[in-house]
Amino acid sequence: MSAADQLVDALAGEGYGYFTGVPCSLLKNVFAILERGASGRYIPAVREDSAVGVAAGLQLAGQRCAVLMQNSGLGYCLNPLLSLSALYGLPLLLIVSWRGAHGNDAPEHEAIGERLTNILSAAGVPHRTLFEGSVPAVVRECSTLAVEAEGPAALLVSDVL
Amino acid sequence: MTVRDAISHLLRRYAGAFVVSSCGYLSRDLFALADRPGHFYMLGSMGMAAPLALGVAIARPDALVLVLDGDGSFVMNLGATAMIASEAPPRLVHAVFDNGMHESTGAQQTVPVPGYGSLGYATTSCAPDPAAIAVLPDPDGPLLVHLPVVPRVNGPEPRIGRPPRQLATEFSRSLRGAVTGAVR
């Protein structure tokens, strides 16, 4: 089973029936699975902040929705992460690709890539990196972090799945 | 038409709807006029009322969902209208209160919306007065309502008095427990 399949299966296993976000090439195999629709409902978003908004609405209605994005999109949604998800105490699992993690990516990915964990820490967003352990274990841990934090938690993906 | 009159008549026309209001004075107006568990008051995150309501409408396609947006927050996130048009929730009403200004921040001019009728909603209506609101259609697919309103004359309503987490819990309970937004 591919790592992308493992990730989607793990999310489904944690009760995520809805997915939204903006694609990244590192997550292209994940988005391909989501677009097929067999694992839940995928709601393409125009921008990452709108994805956080949609996920908040679903969460309020009692549904789990994961938000997938490239790290460049983190800046677009910093305000709703803090003044929507965290302010209202809504758990939110983010799957964030980490372009620029290894320092030899395209130049446009370096600025946020080298600061990513600092930005998340400064925003009070707990985070884990995929492949720290088995995929299901890390997904479960990160999802639990979001529930315990009553706000966003980020699962970082630094290589193509 | 004043904002308060428009809200009152919308609440009457779409009685029982779950309501999501945009940040700033609009949320305060709704709170002051009718504080109900089925109302969700955005306190920040300008432009996010519509996406949040879309999430609610996707989870609850059976329920009537009413978004109260300002023209500034609406034009800030026209992208959300593309998502609403694409997802096409069957019972979502997106109401835009158009006073032509960012009234909550000191009446600065807004960027005009280029065309309400070209955004892909199933139906688009303009309701300039209470009589027009009273005869708005039942939504059959996403419904966009343009509401020209005058600026507030008596200043804003008081701030919302309950903590955000309590507001979210009340709305969430209402959403998960009721067929419609129950009256407190």
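Chain B has seven helices and eight strands. The model is a predicted one. The radius of gyration of chain B is 15 Å, close to the 16 Å that the globule rule gives for 184 residues, so chain B is as compact as a globular protein of that length. Its C-alpha trace spans about 40 × 35 × 30 Å along the principal axes.

How much of chain B is buried? Buried residues account for 48% of its 184 residues. Contacts also reach across the sequence. Take the contacts in chain B between residues at least 6 apart: 74% of them join residues at least 24 apart.

Now turn to where the chains meet. Here 27 residues of chain B are in contact with 24 residues of chain A. On the chain B side, α3 (49–59), α5 (78–87) and α7 (164–177) each supply at least two residues. The largest share, eight residues, comes from α3(B). By class, this side of chain B has 17 nonpolar, six polar and four charged residues.

Next, a helix pair in chain A. Two packed helices are described by the angle between their axes and the distance between the axes. Helix α3 (residues 48–60) of chain A packs against helix α4 (residues 78–88) of chain A at about 15°, with the axes 9 Å apart. Angles under 35 degrees count as roughly parallel, so α3(A) is roughly parallel to α4(A). The crossing of α3(A) past α4(A) is right-handed.

Which residues make the contact? From α3(A) come A:Asp49, A:Val52, A:Gly53 and A:Ala56. From α4(A) come A:Asn79, A:Pro80, A:Leu81, A:Leu84 and A:Ser85. The contact of α3(A) with α4(A) has five nonpolar, three polar and one charged residues.

Definitions and conventions
Residues numbered from 1 in each chain as written. Chains lettered and ligands numbered in written order. Predicted model: local features only at pLDDT ≥ 70, side-chain atom pairs only at ≥ 80, totals over all residues. Contact = placed C-beta atoms within 7 Å. Helix = DSSP H or I, 4+ residues; strand = E, 2+ residues; numbered from the N terminus. Nonpolar A, V, L, I, M, F, W, Y, C, P; charged D, E, K, R; others polar. Rg over C-alpha atoms; globule rule 2.2 N^0.38 Å. Buried ≥ 20, exposed ≤ 12 C-beta atoms within 10 Å, placed from the backbone. Axes fitted to C-alpha atoms, helices over the stretch in contact; angles between N-to-C directions. Parallel < 35°, antiparallel > 145°, perpendicular 65-115°, else oblique. Left-handed = near helix turned anticlockwise from the far one by under 90°.
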